[in-house]
Amino acid sequence: MSERRPGSTSPTRQRWHPINNPAELGRIQDQLVETLDRPEITDKLGGLALELAEVAQQLHPVTYNRDGIVSADELLASDSNSIPLVGNTKFTSHFKLAPTPMQFEAMGSKLAHEGYGEAVIRQLGSVLDNKYSSKKMETNYAGLAVCPSLATYVTLAQGGVFCAAGQPYIGMNLTHIQPLNVAVVAHEVAHALDYIKHPLLYVCDKEDLSAVTLADFKSHLKLARELKAYAVGDCIEKYFSDTHGSMGHVELVSHKVEAIRQEVNGPVTSKDAFAVHDDLVKRLIAAGLGHIYQ
Ligand SMILES: [Zn+2]
């Protein structure tokens, strides 16, 4: 989730709005794809820039009706790996939310790597497909942008509890600053990338699954993923302010988060760039940034 809230100080001064216009969303998408290819960005983000560009190209702007219902079934039938991009953060999805073929593939290789056999992988696939067949999701997020994915727990007969992310999609409002819109969607694309490349959020034995362990694991994972998303957003914002001038009078949380992350963990391309540890957590909380993952 993006926690930037330029308009949150006063509802009457809300500086963003929903947009039911695929062409406008498509322009933001194009600009993101183009920006991710710039040397200023690839120098800083390294291989991550290419991964993000691949995901950005899979975005598909969609519309919603008067009741806020998005229907992307046709779109997803033609390209099941596509990621719906909705110009709103409050909507109901009727499209299939099961993991995409790319997500299933990533799950399969992770499980194989951890020593699970073909049978478990196949069983997980069919259980997930079944679990998701009747699900729809209502998203009602009050912030600027969001990248939800419906997570499902599966316990298989052979033991092992799996928490798997379903198909991600992105909902965003528009600000009046075009470069900021591009940075906002970049932040959410970073989340979508994590859902696609690392869809298995939790794999463990039944005995390990205590509430405390799970809560710790979840906030740890959320913070690591937010660190990456804010680093990406900040990189895009910096590029635009360097090349196109100021981003306007917006207080950018991404800048503060990324400054602390970089000081503690080093550049984005370093090995443990998004590692979560006590020192980093203490500094984020001291700077009033605990809300990005809590
Ligand atoms: Zn986020």
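**Close-up views of selected strands and helices**

View 1. Valine 86 stands opposite glycine 171 in β10. The model shown is predicted, and for that reason local features are described only at pLDDT of at least 70 and side-chain atom pairs are counted only at pLDDT 80 or more, whereas totals for chains, interfaces and linings use all residues. Residue numbers start from 1 along each chain, following the sequence as it is written. Helices (H or I, at least four residues) and strands (E, at least two) are DSSP runs, numbered from the N terminus. Strand β4 (residues 83–86) is joined to strand β10 (residues 170–172) by two bridges, the two strands running parallel, and to strand β2 (residues 59–62) by four bridges, also in the parallel sense; strands count as paired if DSSP finds at least two bridges between them.

**View 2. The mixed sheet β3-β5-β6 and isoleucine 69.** Three strands form an open sheet in the order β3-β5-β6, with mixed pairing. Strands β3 and β6 (137–140) stand at its edges with a single partner strand each, so one side of each has no neighbour in the sheet. Strand β5 (residues 90–93) pairs with β6 in the antiparallel sense over four bridges, and serine 93 is found opposite methionine 137 in β6. Isoleucine 69 belongs to strand β3 (residues 69–70) and is partly exposed, with 13 other C-beta atoms within 10 Å. Apart from its neighbours within four places in sequence, isoleucine 69 is in contact with Tyr64, Thr92 and His94, a contact being two residues whose C-beta atoms, placed from the backbone, lie within 7 Å.

**View 3. The antiparallel sheet β8-β9-β12.** A three-stranded open sheet has the order β8-β9-β12, with antiparallel pairing. Its edges are β8 (151–155) and β12 (200–204), each of which has a single partner strand, so that one side of each is left without a neighbour in the sheet. β8 and strand β9 (residues 161–165) pair in the antiparallel sense over five bridges, and the bridge partner of threonine 155 in β9 is valine 161.

**View 4. Helix α9 and its buried side.** The 13 residues of helix α9 (residues 253–265) should span 18 Å at 1.5 Å a residue, and the end C-alpha atoms are 18 Å apart, which agrees; the expected span is 1.5 Å times one less than the number of residues. The buried residues of α9 are Val253, Ser254, Val257, Glu258, Arg261 and Asn265. They cover an arc of only 110° around the axis, and are therefore on the same side of α9, the arc being that of the directions from the helix axis to the C-beta atoms. Their cover includes α8 (211–244) and α10 (278–286). Glycine 266 follows α9 and has a positive phi, near 85°.

**View 5. Helix α8 around leucine 227.** α8 has 34 residues and reaches 48 Å from its first C-alpha to its last, close to the 50 Å expected at 1.5 Å a residue. Just after α8, glycine 245 takes a positive phi of about 90°. Leucine 227 lies in this helix, α8, and counts as buried, with 27 C-beta neighbours inside 10 Å. Beyond its neighbours within four places in sequence, leucine 227 is in contact with Arg261 and Phe274; phenylalanine 274 is 47 residues away from leucine 227 in sequence, yet 6.0 Å away in space, C-alpha to C-alpha.

View 6. The protein averages a pLDDT of 88, and 90% of the residues score at least 70, where pLDDT is the predictor's confidence in each residue, from 0 to 100. Over residues 1–12 pLDDT stays under 50, and for these residues the model has 28 contacts beyond four places in sequence.

Technical notes: A residue is buried if 20 or more other C-beta atoms lie within 10 Å of its own, exposed if 12 or fewer, and partly exposed in between; C-beta atoms are placed from the backbone.
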